[in-house]
Amino acid sequence: MGLVTAGTWTIAALAGMYLLYLWLAGDGMRRAKVTRFPATLVFSHPTLAVSALVCWVAGLITGSRALAWVAFGGLAVAALLGFVMF
């Protein structure tokens, strides 16, 4: 089950990176009228999500429950940031 979670999470992360690429390629940082959110919010969401994914994979490799809980906390914060931007 842990590998299925990691695979699904990786697919979601790749899709998010693609959306971030499209936003940056379309001058997302230059056009201030496109979004009212600060750049720190826009970039902290994927940074937290990818960091949580790394913690999850490290937890799978080492069998550490602490890393799994850190990954869960990071994912929860990233999801809340994504909900705010939605």
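The structure is a predicted model, in which local features need pLDDT of at least 70, side-chain atom pairs count only at pLDDT 80 or more, and totals for chains, interfaces and linings use all residues. Residues are numbered from 1 along each chain as its sequence is written, and side-chain values use heavy atoms, with hydrogens and water left out. The protein chain has three helices and zero strands, where helices (H or I, at least four residues) and strands (E, at least two) are DSSP runs numbered from the N terminus.

**Overall make-up**

- Read from the N terminus, the elements of the protein chain follow the order α-α-α.
- Of the 86 residues in the protein chain, 20% are buried; buried means under 20% relative accessible area, exposed over 50%, and partly exposed in between (1.4 Å probe, protein chains only).
- Among contacts with a separation of 6 or more, 62% join residues 24 or more positions apart, a contact being heavy atoms within 4.5 Å.
- The protein chain has an accessible surface of about 6,200 Å², and carbon and sulfur atoms hold 75% of that surface. Accessible areas come from the Shrake-Rupley method with a 1.4 Å probe, and for residues only the protein chains shown count as cover.

**Record annotation**

- An unreviewed UniProt entry places the feature "transmembrane region" at residues 6-25, 37-61 and 67-85. UniProt positions are given in the numbering used here, feature names are shortened, and annotations may be inferred rather than shown by experiment.
- In the model, residues 37-61 are 92% helix and 0% strand, with end C-alpha atoms 36 Å apart.
- Residues 67-85 are 100% helix and 0% strand, and their end C-alpha atoms lie 27 Å apart.

**Helix α1**

- Helix α1 covers residues 2-25, and its 24 residues should span 34 Å at 1.5 Å a residue, which agrees with the 34 Å between its end C-alpha atoms. The expected span is 1.5 Å times one less than the number of residues in the helix.
- Gly 2, Ala 6, Trp 9 and Ala 13 are the buried residues of α1, and the buried residues of this helix pack against α2 (39-62) and α3 (65-85).
- An α-helix has 3.6 residues a turn, so residues three or four places apart point the same way.

**Helix α2**

- Helix α2 also has 24 residues, and its first and last C-alpha atoms are 34 Å apart, close to the expected 34 Å.
- Leu 41, Val 42, Ala 49, Ala 52, Leu 53 and Gly 59 are buried in α2, and their cover includes α1 and α3.

- Ser 44 belongs to α2 and is partly exposed at 25% relative accessible area. Its C-alpha atom is 7.8 Å from that of Ala 78, which is 34 residues away along the chain.
- Ala 79 is in helix α3 and is partly exposed, with 45% relative accessibility. The C-alpha atoms of Ala 79 and Ala 49 are 8.1 Å apart, although 30 residues separate the two along the chain.

**Nonpolar surface patch**

- Leu 14, Met 17, Val 50 and Val 54 form a nonpolar surface patch of about 360 Å². Patches are made of residues with over 30% relative accessible area and no salt bridge, with like charges joined within 9 Å and nonpolar side chains (Val, Leu, Ile, Met, Phe, Trp, Tyr) within 5 Å. A salt bridge is a side-chain nitrogen of Lys or Arg within 4 Å of a carboxyl oxygen of Asp or Glu.
- At least two residues of the nonpolar patch come from each of α1 and α2.
- Met 17 is in α1 and is partly exposed at 46% relative accessibility.
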